[in-house]
Amino acid sequence: MTTLELRSVNRLEGDELHLDDIRLSLESGRLYVLLGPTNAGKTSLLRVMAGLDRPSTGRVLIGGQDVTGRSVRRRNVAMVYQQFVNYPSFTVYDNIASPLRLKGLRRAEVDKKVRETAELLHIEPLLQRLPAELSGGQQQRCAIARALVKEAELLLLDEPLVNLDYKLREELRTELRALFERRSAIVVYATTEPMEALVMGGHAVVMGEGRVLQSGPTLEVYHRPSSARVAAVFSDPTMNMVDVNIRGGEARTPAGLVLPLGGELADLRQGRFRLGVRANHLSLRRRGAADIEIKGTVDLAEISGSETFVHFRHNNLDWVVQEAGVHPLARGAEASFYLDPAKLYFFGDTGALERAPSSLPLDSAA
Amino acid sequence: MRLRYLALIVYFGFLLLPIYWLVNMSLKTNVEITSGLTLWPQNLTFANYVTILTDQSWYSGYINSFIYVAMNTAISLTVALPAAYAFSRYRFIGDKHMFFWLLTNRMAPPAVFVLPFFQLYQTFGLFDTHIAVALAHCLFNVPLAVWILEGFMSGVPKEIDETAYVDGYSFPRFFLFVFMPLIKAGIGVTAFFCFMFSWVELLMARTLTSVAAKPIGAIMTRTVSAAGMDWGTLAAAGVLTIVPGVLVIYFVRNYMAKGFALGRV
């Protein structure tokens, strides 16, 4: 049982602050999903965790020991990059075997472990090939195998699936999730995709502009984002956000849309709010008696096969509605969509969460 | 289309004519060379080659040249590999200026450096040794090698270095077994350029040697004997001097363009 602890870690590169006061404590046997948009500092954070970069200030502790200045060679870490990084002049076998050989393991043992790991990642038939002779997905499998075989206490993955095509990504994602579940290491998995974070489960660490915005069990963070920024990051398509003024049981947008707030929302304080609703909580059909109908103009209907993303425009406000099934709506058509007030998020002036939908299940899977 | 072929043929004709003439001469007797125009040897003879390969005063020139060229190539690569790695991987104060300054070393004519080198080597007792010429040629070859190698090294993603460190490679082991195989084309091209510049350089090689390390180029310029000019032997020596270059070019022919672009293609 080891822990990785980051104490007020800052990292400056030139004049740019890449990491801003990171305080985290990660425990072994758990999966941490580092979620954030590009330039949020995910890679910088992983590099500091690995020991590839030194924090400008702050300390890194592994198992209570200060390792801030310790070189990466003397730490027990493994890393998978976004680009498929393998040793181009080694065969897949030698690639996977290299960390084991460097540890000084005996030949038979190396062979056994390499074959086991290769089998786990379904690249056993490719062991004698060079990385350049593999497809992108196979190359990344090789890189992941090399990281897994080492059995390091800290396994870092920096958007490992982002350069793969959609189908391969889904396939590898589910495989990886199963692989991580059996690990006793601290696994840190960086991604920009909320979907991926939800599939991976575990704990989520949401980042933005070099800061940790929120961390906790992934589902909990998803259901109760602590701020409007977290909600925006952890939502795909981005959460619909509207500024409203609440007075006398009604939320009023500057453009004149009025949303009656009944039931448990009646006790909300008066004043200005930022109101958020996920695209999948809006619907093209009325689903309950409390639903509020909003009429708008269709800007675009993106059909992704099993679902449709309809972009609405209503009095200079843009809304995205995610609806199951195929709904070919013409551009410029007038249509209605429905909003369930029970699914609304209310954020205060500073962006802090004031009210999350209580009807959502809050099972803590992690 | 046919015009293009014709133009190419004419072009190659002009290019190869001097070389043909050299080979032609090397297979003739001195009498035939001086007696008039013959397009190919009338009395084919290999006597000129036999002279060179058996006469110690001739073949020692080749041996001397090979020794200092090999020494120079080895020194240049050994020095330039770490230097190029540093330039390609690390940022330090003045790195850009230093990198450019290296190249300016090639801009000065060798004649400028002949006198100081001569005096210096005399003082240190290095005059007329192979290492003297090899070191002198480093003045031109090390900057060139650094430039070419830096280009090739920058083509290797930095993540490979980091992955190796994460895996636990020590720096020397990583450099020898992971990194060098990745830039072997660059090392080949660099070695070729070092070989070439050192092999054809005459001024310094001649000035810094007298007897013990006299290069073939110098021997060829001193072949006027009492019996007059030994044309045939001289031509044979010329042919033999071209051969190593041709062989080396053959091995790196696929990487030449990249080498001339200093690895930046």
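This is a predicted model: local features need pLDDT of at least 70, side-chain atom pairs count only at pLDDT 80 or more; totals for chains, interfaces and linings use all residues.
**Exercise 1. Chain A overall**

Task: State how many helices and strands chain A has, what its C-alpha trace spans, and what share of its residues count as buried.

Solution: 
- Step 1. The secondary structure of chain A comprises eight helices and 21 strands.
- Step 2. Taken along the principal axes, the C-alpha trace of chain A spans about 75 × 45 × 40 Å.
- Step 3. Chain A has 366 residues, and 40% of them count as buried. For this step, a residue is buried if 20 or more other C-beta atoms lie within 10 Å of its own.
- Step 4. Among the contacts in chain A with a separation of 6 or more, 66% join residues 24 or more positions apart.

**Exercise 2. The contact of chain A with chain B**

Task: Find how many residues each chain gives to the contact, and describe the side that belongs to chain A.

Solution: 
- Step 1. Chain A contributes 17 residues to the contact, and chain B contributes 13 residues.
- Step 2. On the side of chain A, the elements that give two or more residues are β6 (77-80) and α2 (92-103) of chain A.
- Step 3. Of the elements on this side, α2(A) gives the most, with four residues.
- Step 4. Sorted by class, the side of chain A that touches chain B holds twelve nonpolar, three polar and two charged residues.

**Exercise 3. Two helices of chain A**

Task: Classify the packing of helix α3 (residues 107-120) and helix α4 (residues 136-149) of chain A by angle and handedness, and name the residues in contact.

Solution: 
- Step 1. The two helices of chain A pack at an angle of about 130 degrees, and their axes are 9 Å apart.
- Step 2. That angle makes α3(A) oblique to α4(A), because angles over 145 degrees count as roughly antiparallel and 65 to 115 as roughly perpendicular, with oblique left for the rest.
- Step 3. The crossing of α3(A) and α4(A) is right-handed.
- Step 4. From α3(A), the contact takes A:Lys113, A:Val114, A:Thr117 and A:Ala118, and from α4(A) it takes A:Ala145, A:Leu148 and A:Val149.
- Step 5. These residues divide into five nonpolar, one polar and one charged.

**Exercise 4. The domains of chain B**

Solution: 
- Step 1. Nine residues of domain 1 of chain B are in contact with seven residues of domain 2 of chain B.
- Step 2. On the side of domain 1, α1 (2-26) and α2 (30-35) of chain B are the elements that give two or more residues. The largest share, four residues, comes from α1(B).

**Exercise 5. Two helices of chain B**

Task: Classify the packing of α1(B) and helix α13 (residues 231-252) of chain B by angle and handedness, and list the residues in contact.

Solution: 
- Step 1. α1(B) and α13(B) pack at an angle of about 130 degrees, with axes 7 Å apart.
- Step 2. The two helices, α1(B) and α13(B), are therefore oblique to each other.
- Step 3. The crossing of α1(B) and α13(B) is left-handed.
- Step 4. B:Leu22, B:Val23, B:Met25 and B:Ser26 of α1(B) make the contact with B:Trp231, B:Gly232, B:Ala235, B:Ala236, B:Gly238 and B:Val239 of α13(B).
- Step 5. This contact has seven nonpolar residues, three polar and no charged.

Note on methods. Residues are numbered from 1 along each chain as its sequence is written. Chains are lettered from A and ligands numbered from 1 in the order in which they are written. Ala, Val, Leu, Ile, Met, Phe, Trp, Tyr, Cys and Pro count as nonpolar, Asp, Glu, Lys and Arg as charged, and the others, Gly among them, as polar. Axes are lines fitted to C-alpha atoms, for helices over the stretch in contact, and angles run from 0 to 180 degrees between N-to-C directions. Angles under 35 degrees count as roughly parallel, over 145 as roughly antiparallel, 65 to 115 as roughly perpendicular and the rest as oblique. A crossing is left-handed if the near helix is turned anticlockwise from the far one by less than a right angle, and right-handed if clockwise. A residue is buried if 20 or more other C-beta atoms lie within 10 Å of its own, exposed if 12 or fewer, and partly exposed in between; C-beta atoms are placed from the backbone.
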